[in-house]
Amino acid sequence: MVASYLTIRRAVGLSGLALPVMLVGGGWLAGVPIQDNMSSYYHTPMRDVFVGTLCAIGVFLFCYRGYDWVENWSANVGGVSALGIALFPLDYASDPLVQKSLSGYLHTVSGGVFFLTLACYSLYHFPRDARLEQEPHLRERSWIYRASGLVILLCMVAMAAYLFLLGGRWKQWFNDFNFLLWMESIAVWSFAAAWLAKGRVIVAEIAVDVLAYASELVLDDQRPDGQLPANDGWRRGS
């Protein structure tokens, strides 16, 4: 069961990590110009990558089970919203807030719910689960999880400000730099980082260890000479 849970966490994290890279990088290799947002890749030769990856994330979330019904429903809602993003495409060359079809509006709503669900996991479920599972370097892991959730929320706020508040020349200027695409990519990479850390991927484990060591060095500098922390035995060989 432990191996199964770790595998699902890693699969979700790796899928999120790879999605923007495959869309932008694969699209560039296929001669597809950089799109305004990730959803616009549905209308390019990268459609199968976009739909397939989101469907995989949705299935992985459906298979994931947490410690209580709230976490289970969070995973189910995340799975449904991921499938909604994949199966209800955004209208071609459109603003996410101005759609011509029901499918387009369902896509926009699914995207917002998906990112909120991922932020909820990073800010609440993962820090709590880390305590229940007695993960090593708990403080540093909780910091990574919460930082990931905050980055997702900040990206959502930035995207909302772009969509609701900007207009005319300013919106066109941000659009020239593919603002939505990069905000979505940062949010997806942030959620991927949290799930990879939760899945105990070796690269994430190294990052946690480095963060813990740096934190310990800072704390050592602030302690009186000769005073050792309670968990300092591993550093002194005891």
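Which residues make a nonpolar surface patch of about 420 Å²? In this predicted model, the patch is made by L14, L17, V21, I186 and W189.

Two helices each supply at least two of the patch residues: helix 1 (2-29) and helix 7 (179-198). Helix 1 gives the most, with 3 residues. I186 has its place in helix 7.

Two packed helices are described by the angle between their axes and the distance between the axes. The crossing of helix 4 past helix 7 is left-handed.

Now to the charged side chains. The structure holds 9 salt bridges, including these:

| Salt bridge | N to O distance |
|---|---|
| R128 and E71 | 2.6 Å |
| R128 and D129 | 3.0 Å |
| E140 and R139 | 3.1 Å |

Take the pair R128 and E71, which meet in a salt bridge. R128 lies in helix 4 and E71 in helix 3 (residues 69-87), so the pair ties together parts that are 57 residues apart in sequence. Both R128 and E71 are buried. D129, another salt-bridge partner of R128, is buried as well.

R139 is partly exposed, at 48%. Elsewhere, salt bridges that share partners join R9, E133, E135, R141 and K198 into one network.

Conventions. Residues are numbered from 1 along each chain as its sequence is written. This is a predicted model: local features need pLDDT of at least 70, side-chain atom pairs count only at pLDDT 80 or more; totals for chains, interfaces and linings use all residues. Side-chain values use heavy atoms; hydrogens and water are left out. Patches are made of residues with over 30% relative accessible area and no salt bridge: like charges are joined within 9 Å, nonpolar side chains (Val, Leu, Ile, Met, Phe, Trp, Tyr) within 5 Å. Accessible areas come from the Shrake-Rupley method with a 1.4 Å probe; for residues, only the protein chains shown count as cover. A salt bridge is a side-chain nitrogen of Lys or Arg within 4 Å of a carboxyl oxygen of Asp or Glu. Helices (H or I, at least four residues) and strands (E, at least two) are DSSP runs, numbered from the N terminus. A crossing is left-handed if the near helix is turned anticlockwise from the far one by less than a right angle, and right-handed if clockwise. Buried means under 20% relative accessible area, exposed over 50%, partly exposed in between (1.4 Å probe, protein chains only).
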